[in-house]
Amino acid sequence: MKVLFVCLGNICRSPAAEGIFRSKVSENGLSDNVEIDSAGTAGYHIGEMADSRMIKHCRERGYDISPHRARQLSYNDLVEYDLILAMDRSNYSNIQRLDRRNEFSEKIKMMTDFVTYMKATEVPDPYYDGPKEFHFVIDLLEDGSDNLLKYISERL
Ligand code: 4NP
């Protein structure tokens, strides 16, 4: 099973989602069954590390996302991955735009489809915000990752 997290820049939300989900998958002994990556719909930050604030706040919560390097989403990702998870509605429409022939709509979902305990319809962009908003993003991603893990385990 191949899972891809997608945001705009691939430096804040989707690298955090990737790191958090990878850690849950590993804790549950499923690392050999689940492949995880992230990408951005935009190319502004290709090759860059995750945003230093997200690296710091993820570290505070026990996740090391420092090895991450940003990359841009491609049509080939839509072919390759089994599940493509958008952080917000704008990311979702950008992914849909790459899917011109509407071949992959079943595997494109919102990350918040998996958020259970918290109330949210999007994982909001924290780029122009402070530590509180970064931690809110991490809270949402932890909540969603738990349920996503359950969803995937049932389909392996
Ligand atoms: P991300 O956050 O999509 O969660 O990686 C952003 C990163 C960069 C920009 C916007 C959002 N930017 O405009 O450069």
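Predicted model: local features only at pLDDT ≥ 70, side-chain atom pairs only at ≥ 80, totals over all residues.

1. C7 has G40, in strand 2, as its bridge partner. The pairing to which strand 2 (residues 35-40) belongs is parallel and joins this strand to strand 1 over 6 bridges.

2. The largest nonpolar core comprises 35 residues, and F5, F21, M54, L141 and L148 have the most contacts inside it. At least two residues each are supplied by strand 1 (2-7), helix 1 (13-27), helix 2 (52-60), strand 3 (83-86) and helix 5 (131-153). Helix 5 provides the largest share of this core, 8 residues. Another core, of 12 residues, lies apart from it and includes L4, A39, L78 and I108.

3. What does M54 touch, leaving aside residues up to four places away in sequence? Its contacts are I11, C12, R13, A16, I65, P126, F134, V137 and I138.

4. The count of salt bridges comes to 14. One of the pairs is R13 with D88, whose closest N and O atoms are 2.9 Å apart. This pair links distant parts of the chain, with R13 in helix 1 and D88 in the loop between strand 3 and helix 4 (89-98), 75 residues apart. R13 counts as buried because its relative accessibility is 3%, and D88 likewise counts as buried, at 12%.

5. A salt bridge also joins the side chains of D146 and K24, at 3.3 Å from N to O. Here again distant parts of the chain are linked: D146 belongs to helix 5 and K24 to helix 1, 122 residues apart. Are the two partners buried or exposed? D146 has a relative accessibility of 40% and therefore counts as partly exposed, whereas K24, with a relative accessible area of 14%, is buried.

6. E103 and R101 form a further salt bridge, in which the closest N and O atoms are 3.7 Å apart. With a relative accessible area of 40%, E103 is partly exposed; R101, at 63%, is exposed.

7. Finally, a network of salt bridges links K2, E35 and E80. K2 falls within the range of strand 1 (2-7), and E35 within that of strand 2 (residues 35-40). As a general point, side chains of opposite charge can pair when their charged atoms come close.

Technical notes. Residues numbered from 1 in each chain as written. Heavy atoms only, no water. Core = buried A, V, L, I, M, F, W, Y, C linked by side-chain atoms within 4.5 Å. Buried < 20%, exposed > 50% of the residue type's maximum accessible area, 1.4 Å probe, protein only. Helix = DSSP H or I, 4+ residues; strand = E, 2+ residues; numbered from the N terminus. Contact = heavy atoms within 4.5 Å. Pairing = 2+ DSSP bridges. Salt bridge = Lys/Arg side-chain N within 4 Å of Asp/Glu carboxyl O.
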